[in-house]
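Okay, thanks for coming, everyone. Let me put this one up on the screen and walk you through it.

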Amino acid sequence: MTTEATEKRPHVGLFVTCLVDLFRPSVGFAAIKLLLDAGATVEVPESQTCCGQPAYNSGNREDATAIARTVIETFERFDYLVAPSGSCAAMLRVHYPSLLADDPQFAERARALGAKSYELTSFLVEVLGLDKVAARFEGNVTYHDSCSSLRELKLRDAPRRLLASVDGLSLTEMEETEVCCGFGGAFSVKYPEISSAIDEAKVCNIAKSGAACLLAGDLGCLLHIAGRLSRDGSKVECRHVAEVLAGLIEGPAIGQARKAG
Amino acid sequence: MDGASPQDFKQSAARALADAKLQRALLNVKRGFIVKRANAKAKLPEFDELRDEARALKDHTLLHLDLYLEAYERKVIESGGQVHFAPSAADARDIVLKICKDAGASLVTKGKSMVSEEIGLNAHLEAAGIEAAETDLGEHIIQIRGEAPSHIIAPVIHLNKEEIAEDFVRAHRGLPQDRSLSAVPDLVAEARALLREKFVTAEVGITGANLLIAETGSSVIVTNEGNGDLTATLPKVHIVIASIEKLVPTLEDACTVLRLLARSGTGQEITTYTTFATGPARAGDPDGPRQYHVVLLDNGRSEMLGGDFRAMLRCIRCGACLNHCPVYGAIGGHAYGSLYPGPMGAVLTPALYGIDHARDLPNASSFCGRCEEVCPMAIPLPSMMRKWRERDFERGDPPLRERLALRLWAFAAKRPRLYHALSGTIAPLVARLAGDRGRFTSLPFAGAWTETRDLPAPQGKTFHELYRKTRGNEAP
């Protein structure tokens, strides 16, 4: 840690994300561990629910705006907002400022919060200057970039750099890493056949990589890909990158059976 | 036209996904366009600057479109041509038909033109007893099949060569039934021999335009087959049909756009032919048409100029957004039921024909953003699709169940206490329901998901519930 960091530890508000809250709390705890280990102080405000994307992407601007205002009010007091999701971070960073651009009370606040909102791995690497973690994970993994991480946040290196420091882990890139998994939030249930066809292509590429484990930074993609892999009877496990980086890997992988006993 | 409508999108998409031949043909999108475009872009270090420049010049032109249209018209007239403004598709059809009739035409040749498809020109000419012969190989194939193009630059990307050979045997009469058409050159040679006849006998040639240049009054077409040149120069009358947003101010500007167009579309540095046409043949010219007409189509575009969808008028129809779209790649172009498929079509179709007619198109996107990333005009396609979703939502068009679910969810999401009470109750219940399997293979109310995918089960308690407990333990 640099001296500046010890003088004042950055105070992070963790944006848990609704999917992590509901489906996989372990990702939230992994995020907290990583942030604390990297020298931040972490608080998890309870008045958070969701970033509003389901409303925003369904054309329900009114509810999306209301939710955005609440998130801003909840998180603007922190030095940073960090989310274990590229998709939610992009919503905050890229879309809140445009969603609230014409709101005299919130336009500037949306820009200010957007500017200090980060996806977890990019925050660790780019803001806290982290370049390695003390974790161990045996096996060959492949990494799925979420579209929002890749294209809205221009984020590709940070998770890979941290994964490179994990003991025992080797990363094999799959083909077409830049292609969507077909999740797309409500898209996956509004157009299930199309969503699933895109997923199928992704799962083929994962299989071809030969990796035993798929990692990603977004739980939406992970639920979608894991659901397809298990339906196909694949042995490939899916985990959130934060869980591996934090060494929180005792529990079953996403969608996997609990071990007997 | 095969009569499909954007209103049948879901059924059409399901059919497309189940069509093994189509799925095989669609692999060519990936194999061909995507890799070639990436290579072409990589070889041009200034690609991104060029893109900024092109975007700026198109924005500038659109802002002053009235002035540039007038300047363009003056130049066309100066060079001996005529300009006809067509507010609607019907106007454009009538104007073209009248020119053809005045020329005493019984046969017109046609270069590839999406605007011609947009106005339904062929059917209109045929109804008046005038044969319209498509001369672009792909367009010729869909013409004999009675289909619409499935891609804006590759009309028959939905077909395999075996299917095309069958069409040729069926449609090209008077040739030996047992001739070999197994290789692509066989198909090309046969089409060439047939079309040669049309080129030399047609009284009118109709082409589209990739660009119109205000400075010179020229129209520009890019092709790889040279059929556009023969269409434009051999008949005594040349008609250019183009929509108003094809205009650029100068020759230099046209070159800027051309440097992006082929690279983005086919991945070529430049197409085999880039043809500039300026007025009819001058005295002393060895060939060229005696009349040169430009039919400028509006058909809803001037309305787009003043609204949320203006940026869509920057589109140069390169097809890159289609090529890189996972949805287009999964279902192909016909499933959209619109002449303009893929991301550009998802924005343009409702703008031209109304959102009530095409509500699925902007909705059927995962918002992966690759279209915007590869668009040489940096058109914010996902944002504009979202804008259509907003209009759709405001009109109350999404299915009741969808709207209700969204309203209920939003009601809770705006009330953190209620939200956490609900999620804190539901998550453990659902987790318990899944038992030790850790996932659901089917679940009531979630059939849309579980039909093709398992649904991973929640771990148990919500994060917030667990976090509250850890905090409780830590409390002094």
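A quick term before we start: two strands pair if DSSP finds at least two bridges between them. Strands (E, at least two residues) and helices (H or I, at least four) are DSSP runs, numbered from the N terminus. What you see is a predicted model, where local features need pLDDT of at least 70, side-chain atom pairs count only at pLDDT 80 or more, and totals for chains, interfaces and linings use all residues. Residues are numbered from 1 along each chain as its sequence is written, and chains are lettered from A and ligands numbered from 1 in the order in which they are written.

So, which residue of strand 3 is the bridge partner of Val12(A)? That's Tyr80(A). Three bridges join strand 1 (11-14) of chain A to strand 3 (80-83) of chain A, and the two run parallel.

Zooming out, chain A has an open sheet of four strands, parallel, in the order 2-1-3-4. Strands 2 (41-43) and 4 (117-119) of chain A are at the edges with a single partner strand each, so one side of each has no neighbour in the sheet.

Now the helices. Helix 6 (86-99) of chain A lies across strands 3 and 4 of chain A, at about 160 degrees to strand 4. Axes are lines fitted to C-alpha atoms, for helices over the stretch in contact, and angles run from 0 to 180 degrees between N-to-C directions.

Finally, the contact between chains: 61 residues from chain A and 49 residues from chain B, counting residues whose C-beta atoms, placed from the backbone, lie within 7 Å. Helix 12 of chain A gives the largest share of chain A's side, eight residues.

Methods. Contact = placed C-beta atoms within 7 Å.
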